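Work through the exercises below with the sequence and the structure open side by side. Each task is followed by a solution in steps.

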Amino acid sequence: LQRIFDNGTCVHIRLQDYLKKDGVLLLDEAPVVNKDYQIIGTTDGLLLDGDRLAVLEIKSIFSIGFSNLKDAKPEHKLQAGIYLYCLNEMRKLCLKGKRGELELMYQKRLEDFLKDGKHRTKEEKIAERMGMFKATLDLLEKYPKPLKKTIFLYENKDTQELKEFTVEDDGVVSDALNKFTTLNSYVDNKETPPMEKTYTCSGCKYRKVCKDFE
């Protein structure tokens, strides 16, 4: 299982490296954060789409799924839509002169959950992520137009063949934000949310907690 995870990471690193060398990828591993919905995450990168930024998302997939792939997967579109939302909200704050407040908020979030590791201290991890966050804000200020697109690159794990899809927000973001609001309310009230019983449950590390509360 660890080798599978490591291979997925290497796919990202390799494709990001290709795109950076070609000058297509402006920044890899661009952090996003949103205070209202308690969101923190990292995109695979930021590209230049004409005179505005676009999000890059890289996915690896086995041959059977790859051959049937005609569009980006719905769950991937949802993830990318959230990234677009967060980046656009960050962009608005920067344009309002609130970049300093945004940086302090992101640093506080990092301090809340990052821990010392085997190879790097907590402080080193925070410094690295803050550097990437500031680089992301630099790009949002340099290209201030709203972000509208996500470019998906899917690589076939068996053959390294690529498929590319361009996706714009198709209305799924509002549903996702409503879900974040609901889940955050459960967290605030120290309650366990209802078990959704989707196909992702089997790989969730909290599945036993859900079953205990059924």
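**Exercise 1. A residue in a strand**

Solution. The classes are buried under 20% relative accessible area, exposed over 50%, and partly exposed in between (1.4 Å probe, protein chains only).

Before going on, note the basis of the values. The model is predicted, so local features need pLDDT of at least 70 and side-chain atom pairs count only at pLDDT 80 or more, while totals for chains, interfaces and linings use all residues. Residues are numbered from 1 along each chain as its sequence is written, and side-chain values use heavy atoms, with hydrogens and water left out.

**Exercise 2. Salt bridges**

How many salt bridges does the structure hold? Describe the pairs K20 with D28, K77 with D71, and E89 with K92.

Solution. Step 1: the structure holds 13 salt bridges, each being a side-chain nitrogen of Lys or Arg within 4 Å of a carboxyl oxygen of Asp or Glu. Step 2: in the pair K20 and D28, the closest N and O atoms are 3.1 Å apart. K20 is partly exposed, at 40% relative accessible area, whereas D28 is buried, at 17%. Step 3: in the pair K77 and D71, the closest N and O atoms are 2.7 Å apart. Here K77 is buried at 18% relative accessibility, and D71 is partly exposed at 35%. Step 4: E89 and K92 have their closest N and O atoms 3.1 Å apart. Both lie in helix α3 (residues 74-95), and because they are three residues apart, about one helical turn separates them. E89 is partly exposed at 23%, and K92 is partly exposed at 39%. Step 5: salt bridges also link R99, E103, D138 and E141 in a network.

**Exercise 3. Surface patches**

Which residues make the patch of negative charge, and which make the nonpolar patch?

Solution. Step 1: a patch is made of residues with over 30% relative accessible area and no salt bridge; like charges are joined within 9 Å, and nonpolar side chains (Val, Leu, Ile, Met, Phe, Trp, Tyr) within 5 Å. Step 2: the negative patch on the surface gathers E111, D116, E123 and E124. Of these, E123 sits in helix α5 (residues 122-142) and is exposed, at 56% relative accessibility. Step 3: L1, I4 and F5 make a nonpolar surface patch of about 360 Å². F5 is part of helix α1 (residues 2-21) and is partly exposed, at 48%.

**Exercise 4. Positive phi values**

In which loops do E29 and Q160 lie, and what are their phi values?

Solution. Step 1: E29 is in the loop between β1 (25-28) and β2 (31-34). Its phi is near 55°, a positive value in a residue other than glycine. E29 is partly exposed, at 32% relative accessibility. Step 2: Q160 is in the loop between β6 (149-156) and β7 (162-168). Phi of Q160 is near 65°, also positive in a residue other than glycine. The relative accessible area of Q160 is 43%, so Q160 is partly exposed.

Terms used: Areas by Shrake-Rupley, 256 points an atom, 1.4 Å probe, with all protein chains shown as cover. Lys, Arg positive; Asp, Glu negative; His and termini not counted. Charge placed at Lys NZ, Arg CZ, Asp CG, Glu CD. Helix = DSSP H or I, 4+ residues; strand = E, 2+ residues; numbered from the N terminus.
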